Amino acid sequence: LPPTQYPAMQHRFPLSDIDFGPEEEQAVAEVVRSKWLSTGPRTAAFEAEFAEYVGADHAVMVSSCTAGLHLALLAVGIGPGDEVLVPSYTFVASANAVLYCGATPVFVDITGEHDLNLSPDDAAAKITPKTKAIVAVHMCGYPAAMDRILALAEQHDLRVIEDACHALGADYHAAEPASPLHGKHAGTLGDLGCFSFYANKNLPVGEGGMVVTDDPDLAQYVRLGRSHGMTKTSWDKASGKASGYDVVQTGFNYRATEFTAALGSVQLRKLDRHNATRRTVVAAYRDALADIEGLTIPFADRLKDSAHHVMAVLLPDPSLVEPFRSGLDAAGIQTTHHYPPVHGFSHIRSAVGTTDLPVTVDVSSREVTLPLHPLMSPDDARTIADAVRQAMRVAAPV
């Protein structure tokens, strides 16, 4: 379809956009000419580049971050009868991966309207003898309080999986700069970290994900698990490195493609520049929105330690959300909502019962996501902020 037919392009300021050009076209063309489309040498090259970028010993590319979360949980032994702590203020994939394992997600409240990450205090209160792991989501690109989460995990012998789908390019700023965690890349702090390459992420290739770890055994489990538990890949056989194979564990068809890996290599080279642009746009947003009465900006005290994936704002009352978003839509500004609480979905309620998470419910009911992507400029942010100011006046007249 020509660009004018994409729904987002109906807006002057789309919620998300991607920086694709001749390099991406060339990368895809090379895959087409090679005639090898499934997991192969380009995937291996991208895995090596990614591992070096985040500072992990191992990186395994998979078909999605959801697939990565599933394999990561299986790799640390999660199964039926186990409980896994997970925030409800996240995309449903974080909890679905726990259900795939036959385990029970136990939902944890968030810290507050200024910190949308899971609350270590609430996590500690929900640990039982059945608790085996914590899924720490780095919401909006801001790393969660991994010092406290890892300390809690060590105290109770829990495994830690990082859902870093928002946080590619973010470095962790520990509470104590002398901490060995300080300066490490989000996603490399726990046992395994999972990243997303979905079309609106900081490294977009359409679909795909990556699992990283320093543990060679965990890496091997994920590597085998992504392709039916087979000891040899199709590329091994096609390139003459193997003629047969064994199946040594339960596995899935979670393979990536050479197309997504080739695009990923190009986008990885652009990532630092794109994240720097996101940071300048967020800084401009904050300056321009600071004087709007009643508007709250989560994570407003943090700028340098984020990948700035989502620009979230909180309105003073849930009743204002619909007229506010309508006002911005009329001004050509696309918005969305991150996220409906996972524990409120009908399927989740039927699977695990009801949970009381007052902070999550309150914050989610007032959240609106503004445009943020690497093709924006600070002037764009200031223009959108002017429209936000007007939409607030209309939604909540004095």
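Is Phe299 buried or exposed, going by its relative accessibility? Hold that thought for a moment, everyone. What we have here is a predicted model, with residues numbered from 1 along each chain as its sequence is written. Local features need pLDDT of at least 70, side-chain atom pairs count only at pLDDT 80 or more, totals for chains, interfaces and linings use all residues, and side-chain values use heavy atoms, with hydrogens and water left out.

Back to Phe299. Its relative accessibility is 1%, so Phe299 counts as buried (buried is under 20% relative accessible area, exposed over 50%, partly exposed in between, with a 1.4 Å probe and protein chains only). Phe299 sits in the loop between H9 and E10; helices (H or I, at least four residues) and strands (E, at least two) are DSSP runs, numbered from the N terminus. Its phi is near 60°, a positive value in a residue other than glycine. The loop between H9 and E10 also holds His308, with a positive phi near 50°. His308 has 0% relative accessibility and therefore counts as buried.

One more backbone point, please. The peptide bond joining His338 and Tyr339 is cis, with omega about -5°, and Tyr339 belongs to the loop between H10 and helix H11 (346-352). For context, most residues other than glycine have a negative phi, and most peptide bonds are trans.

Now to the cores. A nonpolar core is a set of buried Ala, Val, Leu, Ile, Met, Phe, Trp, Tyr and Cys residues joined through side-chain atoms within 4.5 Å. The largest one has 42 residues, of which Tyr285, Leu289, Met311, Phe324 and Val388 touch the most other members. Elements giving two or more residues to this core include helix H9 (258-289), strand E10 (311-314) and helix H13 (378-395). H13 gives the most, with 8 residues. Leaving out residues up to four places away in sequence, Tyr285 touches Met311, Leu370, Pro371, Met376, Ala381 and Ile384 (contact means heavy atoms within 4.5 Å). Another core, of 34 residues, lies apart from this one, and Val62, Ala72, Cys101 and Val342 are among its members.

Last stop, friends: the largest pocket, with about 330 Å³ of space. A pocket is an open set of points on a 1 Å grid over the protein atoms alone, where a 1.4 Å probe fits, with protein on both sides within 12 Å along at least five of seven lines; lining residues have an atom within 4 Å of a point. Of its 19 lining residues, Thr66, Phe91, Ser196, Tyr198 and Lys201 are the closest to the centre. H3 supplies the largest share of the lining, 3 residues.

Conventions. Grid points are joined across faces, edges and corners, and a volume is the space filled by probe spheres set on the points.
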